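Here is a friendly briefing to read alongside the model. Please keep the viewer open as you go through the points.

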Amino acid sequence: MAEENNLMRLQKYLALAGVASRRRCEELIAAGRVAVNGMAVTALGTKVDVQNDEVLLDGKLVSLQQEKRYLLLYKPIGYLSSVSDDRGRKTVLDLVRDVPERLYPVGRLDYDTEGLLLLTNDGELTNFLIHPRHEIAKTYEATVKGKPTAEELKRLESGVLLEDGMTAPAKARLVRTMGKNVLVRLTIHEGRNRQVRRMLAAVGYPVLALKRTQIGGLTLGDLQAGQWRFLTPQEVAALQPKVKKKKIQTKTETDNGEN
Ligand code: URA
């Protein structure tokens with residue numbers, strides 16, 4: 001029975017190793033990109049022995065024990081924030097080919113957006129960072145045509161109605177004027193699809209160019225488009241969920257209702 005305990009469904013194994021969501025892993029298996037002990041496997045029910053089997057995705061080892069990697073990439077325009085593309089377009093993984101571990105982006109930037117993108121193989125941290133409940137601040141600089149008024153900036157801050165509902169409180173500032181265009185800095189805590197473009201369009205300013213400059217305390221620093229660096233251990237620690245210590249309440253006369 002010990003052997004039975006080591007068995008795990010292939011899609012679960014891949015997801016736990018941080019490859020992608022379980023559903024996406026099923027697609028990768030069905031597409032014939034996963035091999036177990038040298039044999040391509042496309043059957044979704046396949047089980048693997050987590051201690052003895054060798055699992056490869058696109059020829060790269062996928063291991064539950066693999067070292068965790070955290071990269072900060074300056075994504076250029078013209079790259080997809082995905083691990084592959086059936087139309088053959090470039091993806092952000094093309095920029096980090098030297099890293100042996102299988103990485104994937106934390107959230108996404110549009111094809112036509114540049115800027116700060118994290119890549120990792122740490123599935124738990126990814127789930128934490130992209131969950132709206134955790135309200136990680138993301139700052140964008142948007143070039144828009146025309147100059148938003150103070151009133152319009154306030155609307156961006158207090159919430160605008162998009163087709164998928166009101167946006168949460170945000171911060172909006174004018175950074176500078178560039179001829180007829182203006183650079184707007186917007187900090188949001190959500191990650192809806194094309195959110196910044198849609199928010200600015202909703203107040204009347206279509207975005208001409210968009211760059212993410214910050215996630216939490218991380219900035220692009222001196223990186224140029226296409227360059228990346230590993231996060232420092234301190235930066236990784238700062239991204240981790242903070243375990244809230246329970247306040248231990250000491251009993252007082254007030255607690256006992258004797259006031
Ligand atoms: N908001 C957008 O509109 N696009 C992005 O790429 C990121 C946030």
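**Salt bridges, strands and pockets**

Asp94 and Arg97 join their side chains in a salt bridge, at 2.9 Å from N to O; the term stands for a side-chain nitrogen of Lys or Arg within 4 Å of a carboxyl oxygen of Asp or Glu. Please note that the model is predicted, with local features needing pLDDT of at least 70 and side-chain atom pairs counting only at pLDDT 80 or more, while totals for chains, interfaces and linings use all residues. Residues are numbered from 1 along each chain as its sequence is written, and side-chain values use heavy atoms, with hydrogens and water left out.

**Charged pairs**

- The structure holds 17 salt bridges.
- Asp94 is partly exposed, because its relative accessible area is 34%; buried means under 20% relative accessible area, exposed over 50%, and partly exposed in between (1.4 Å probe, protein chains only).
- Arg33 and Asp58 form another salt bridge, with their closest N and O atoms 2.7 Å apart. This pair links distant parts of the chain, 25 residues apart: Arg33 lies in the loop between α3 (22-30) and β2 (34-36), and Asp58 in the loop between β5 (55-57) and β6 (60-61). Helices (H or I, at least four residues) and strands (E, at least two) are DSSP runs, numbered from the N terminus.
- Asp58 counts as partly exposed because its relative accessibility is 41%.
- Arg192 meets Glu190 in a salt bridge of 3.1 Å, N to O, and both Arg192 and Glu190 are buried.
- A network of salt bridges links Asp110, Asp112, Arg194 and Arg197.

**Strands and their partners**

- Four strands make an open sheet: its 4 members follow the order β3-β2-β5-β6, with antiparallel pairing. At the edges are β3 (39-40) and β6, each of which pairs on one side only. Two strands pair if DSSP finds at least two bridges between them.
- Within this sheet, β2 and β5 run antiparallel and are joined by 3 bridges. Val36 stands opposite Val55 in β5.
- Strand β13 (residues 171-178) pairs with strand β14 (residues 181-188) in the antiparallel sense, over 7 bridges.
- β13 and β14 form a hairpin with 2 residues between them, and Gly179 in the turn has a positive phi of about 65°.
- Which residue stands opposite Lys171 in β14? The residue is Thr187.
- Thr187 also has a side-chain partner: its side chain makes a polar contact of 2.9 Å with the side chain of Thr139. A polar contact is a pair of N or O atoms within 3.5 Å; within protein, one must be able to donate a hydrogen and the other to accept it, and residues adjacent in sequence count only if both atoms are side-chain atoms.
- Thr139 is found in strand β10. Thr139 counts as buried because its relative accessible area is 8%.

- The largest pocket has a volume of about 1100 Å³. Of its 50 lining residues, the closest to the centre are Pro105, Val106, Gly107, Arg108 and Ile130.
- On a 1 Å grid over the protein atoms alone, a cavity is a set of points where a 1.4 Å probe fits but cannot get out, and a pocket is an open set with protein on both sides within 12 Å along at least five of seven lines; lining residues have an atom within 4 Å of a point. Grid points are joined across faces, edges and corners, and a volume is the space filled by probe spheres set on the points.
- α4 gives the most to the lining of the largest pocket, with 6 residues.
- The lining of the largest pocket has 21 nonpolar, 17 polar and 12 charged residues. Here Ala, Val, Leu, Ile, Met, Phe, Trp, Tyr, Cys and Pro count as nonpolar, Asp, Glu, Lys and Arg as charged, and the others, Gly among them, as polar.
- The second largest pocket holds about 250 Å³ of space. Its lining has 14 residues, with Ile136, Ala238, Leu239, Gln240 and Lys242 nearest the centre.
- α7 gives the most to the lining of the second largest pocket, with 3 residues.

**The cavity**

- The structure holds 1 cavity of 30 Å³ or more, and the largest cavity has a volume of about 50 Å³.
- Residues lining the largest cavity include Tyr70, Val106, Leu129 and Leu239.
- By class, the lining of the largest cavity has 9 nonpolar, 2 polar and no charged residues.
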